[in-house]
Every structure is written in structure tokens, then in C-alpha cells.
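Please examine the sequence and the model before reading on.

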Amino acid sequence: MSKVTAYTGEQIQKHSTREDIWIVVHGKVYDVTKFLDEHPGGEEVILEHAGIDATEAFEDIGHSDDARELLKDYFIGDLEVEYYLDACRPEFPGLHSADADAVTNMPSLAYGCFCIDVFRI
Ligand code: HEM
């Protein structure tokens with residue numbers, strides 16, 4: 001099985017233009033450059049989340065199961081563990097500790113620091 005690449009917040013933030021745009025949803029990184037034109041909700045809302053975590057916006061809209069399936073086509077890797085948690089990286093808001101996915105979908109802990117505080121909440 002091939003290893004999934006994990007990207008840091010800094011790496012992801014470099015891809016924040018219309019020509020090269022990555023976003024993060026539930027700890028997974030997506031290259032949505034080719035999807036921008038096709039997004040039924042328009043490109044503007046995706047551009048607003050260029051290079052950052054779009055989980056909250058994605059969920060607030062209440063995307064369909066089809067939309068969630070579609071995400072898979074654009075998957076390029078995981079968000080590195082240390083960027084998962086707001087507490088660790090306030091400048092790159094990751095998943096919130098209350099989000100069960102943050103724990104269940106967490107990639108290998110081998111990727112750098114881990115913020116233990118989340119489990120105390
Ligand atoms: C790669 C990420 C995304 C994918 C694959 C995606 C996919 C879709 C799809 C398939 C729809 C049609 C309705 C549905 O099936 O739910 C949709 C609608 C929409 N999406 Fe996204 N979306 C993404 C990211 C976002 C983000 C980050 C926002 C930020 C707010 C957003 C906002 C919207 C809005 C406003 C609509 C229109 C809803 C409506 O007019 O009924 N989407 N999206």
C-alpha cells in the first residue's frame with residue numbers, strides 16, 4: 001500500500017491562487033484547481049478558502065453525499081497531524097476538537113507533534 005503524503009499548513013497555504021488551489025476538509029487535502037469552474041456553488045466560495053481549512057464552510061452548507069463522493073476525486077494527501085488542532089496552530093485552524101473525525105481520521109502519529117490537550121476536553 002502506498003503511503004499517503006502529509007502536508008503542513010505552510011505547504012498548503014502556498015497553493016492559494018485560482019491557477020493552483022488546495023483546500024482542507026476534515027483533515028484531508030484536496031487540489032481543487034480543476035474543480036473550481038465546475039463547483040455548483042460557484043468559484044468564489046472556494047477561493048475564499050484557498051490554502052486553508054474549509055471544513056466548517058463545507059459542513060455549514062450541508063453538502064450532499066454526492067458532493068462528499070466528489071471530494072475523493074481531488075484528494076492529494078492528509079493534513080499533517082500537528083496542523084489538525086486549533087490549539088496547536090492558531091494561524092492554521094484545523095479541525096475542532098469536538099469533531100469526532102479529528103480523532104477517527106487522524107493520520108499516523110508519526111508525522112510530527114501531537115497536541116495531547118484535545119483528549120482532556
Ligand atoms: C472540493 C470541495 C467541494 C466540493 C467537492 C463541493 C461540491 C459541491 C456540490 C456537488 C454542490 C451541489 C449541491 C450538493 O450536491 O451538495 C455544491 C454546492 C455548493 N457548495 Fe460546494 N463543494 C466544495 C466546497 C465548498 C466550499 C468550501 C464551500 C464554501 C462555502 C461550498 C459552498 C457551496 C455552496 C454555497 C453551494 C450551493 C448550494 C446551493 O445553491 O444549493 N462548497 N458543492
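## Iron site

In this predicted model, the iron atom of the ligand is coordinated by NE2 of H39 and NE2 of H63, at 1.9 to 2.0 Å; donors are N, O and S atoms within 2.8 Å of the metal (3.2 Å for Na, K and Ca), and water is not among the atoms, so sites may look incomplete. The site of the iron atom has six donor atoms with angles of 87 to 180 degrees and is octahedral, a label given to six donors when opposite donors are over 155 degrees apart and all others between 65 and 115. Ideal angles for six octahedral donors are 90 or 180 degrees.

H39 lies in the loop between β4 and α2 (43–47), and H63 in the loop between α3 (55–61) and α4 (65–71), so the pair ties together parts that are 24 residues apart in sequence. Helices (H or I, at least four residues) and strands (E, at least two) are DSSP runs, numbered from the N terminus. H39 is buried, with a relative accessible area of 15%, whereas H63 is partly exposed, at 21%. Buried means under 20% relative accessible area, exposed over 50%, and partly exposed in between (1.4 Å probe, protein chains only).

## Salt bridge between strands

Four salt bridges are found in a search of the whole structure; the term denotes a side-chain nitrogen of Lys or Arg within 4 Å of a carboxyl oxygen of Asp or Glu. One of them joins K28 to D78, with the closest N and O atoms 3.6 Å apart. Because K28 lies in strand β4 (residues 28–31) and D78 in strand β5 (residues 75–79), this pair ties together parts that are 50 residues apart in sequence. K28 is partly exposed, at 26% relative accessibility, while D78 is buried, at 9%.

## Further charged pairs

Side chains of opposite charge can pair when their charged atoms come close. R68 forms a salt bridge with E59, and their closest N and O atoms are 2.9 Å apart. R68 is partly exposed, with a relative accessible area of 31%, and E59 is also partly exposed, with 30%.

The side chains of K72 and E69 meet in another salt bridge, at 2.8 Å from N to O. Here K72 counts as exposed, at 54% relative accessibility, whereas E69 counts as partly exposed, at 47%.

## Basis of the values

Residues are numbered from 1 along each chain as its sequence is written, and side-chain values use heavy atoms, with hydrogens and water left out. For this predicted model, local features need pLDDT of at least 70 and side-chain atom pairs count only at pLDDT 80 or more, whereas totals for chains, interfaces and linings use all residues.

Note on methods
Tetrahedral: all angles 85-135°; square planar, octahedral: opposite > 155°, others 65-115°.
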